Amino acid sequence: MSTGGGAHWNPQSQRWEWAEQPPPPPPLPPSYPPRPAGGGPGGQGGPGRERAWKVPLLVALGAAVVGGCAVAGWFVLGDGEPQEPKAPAAAPSASGTPVPPSGTGPQTAPTATASSSASPSVPPPYTVVRDDGGFSVAVPTGWERSHDEDGSGSFYRRPGDRSALIQIFRVAEPDGVGACELLRISSQALGNRPGYQEVSLDPAPGGSCELVYEYDNQESHGRRRAIERITVAPDGRRWALLAAGPAADGTTVRANLTAAVESFRPQ
């Protein structure tokens, strides 16, 4: 006797047999662990989506840190050489006011005025100036605010002489990136400049740090020395002060930086 579906009774095996074997059952779907609520953007989680979301996030964070730290160079080299990376568009200026990107609106450069009543007083050959960028600082007597610069912040030079300078600007990078780390990344970025040499990179009191370096520069008669100090103001904001000049006159470069650091007062 037979039944529907192609089955028949085999008296020898004493069991029902099929003329054709039935197809195997379909594979079960893969089992995933429960998805945490809100595992991905818009609450659409799952292992695959969570990985796809985290990777771009980490890449974005890395790019933000590298891009932010890149402006630790901040300094115009001159002589037609490649310039240091500029601060990002709309980053805080020395006064803390956002500066629109070039071409998006009028920009007014900070100015400076000498003030005999500014505190603290300094001996010759320095004079304290008050800068519209939001600070007062001592510069060599006769130096003036220079507006013919491509870097960020405020520059001071002796009129008609580009061999030496002082530069001051707000540090816009996150506080979580230490001062010495910023200067270390800056030094690495400067490594491809002609004749670049890191002289020293050392912590300074009060959470500050200082980088000393030299490079080839025609403005400074062949070789320029720069001393860059990141300092922390009483309100917690960080500022960078840089003095540069001919390497053969490194003593004067150091004196200019020391006078600037000791007299610097955010306002």
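Phe-135 is buried, with a relative accessible area of 0%, where buried means under 20%, exposed over 50% and partly exposed in between, for a 1.4 Å probe and protein chains only. The model is predicted, so local features need pLDDT of at least 70 and side-chain atom pairs count only at pLDDT 80 or more, while totals for chains, interfaces and linings use all residues. Residues are numbered from 1 along each chain as its sequence is written, and side-chain values use heavy atoms, with hydrogens and water left out.

Rings of Phe, Tyr and Trp (its six-membered ring) pair if their centres lie within 6.5 Å, and planes under 30 degrees apart count as stacked, over 60 as edge-to-face and the rest as tilted; by this rule there are 5 aromatic pairs. In one of them the ring centres of Phe-135 and Phe-264 are 5.5 Å apart with planes at 40°, so this pair is tilted. It connects distant parts of the chain, since Phe-135 belongs to strand β6 (residues 135–140) and Phe-264 to the loop between α3 (250–263) and β14 (265–266), 129 residues apart; helices (H or I, at least four residues) and strands (E, at least two) are DSSP runs, numbered from the N terminus. Phe-264 is buried too, at 8%. Ring pairs also bring in Trp-239, making a cluster of Phe-135, Trp-239 and Phe-264. Over the ring of Trp-239 sits the charged end of Arg-170, 5.8 Å from the ring centre, the criterion being NZ of Lys or CZ of Arg within 6 Å of the centre and within 35 degrees of the ring normal.

Turning to the sulfur atoms, the whole structure holds 1 disulfide, defined as a pair of cysteine sulfur atoms within 2.5 Å. Cys-180 and Cys-209 form this link with their sulfur atoms 2.0 Å apart, and with 100° about the S-S bond the link is right-handed. Because Cys-180 lies in helix α2 (residues 179–190) and Cys-209 in strand β11 (residues 208–217), the pair ties together parts 29 residues apart in sequence. Cys-180 is partly exposed at 25% relative accessibility, whereas Cys-209 is buried at 0%.

What is buried in helix α2? Ala-179, Leu-182, Leu-183, Ser-186, Ser-187 and Leu-190 are, and because they cover an arc of only 135° around the axis, they lie on the same side of α2, the arc being that of the directions from the helix axis to the C-beta atoms.
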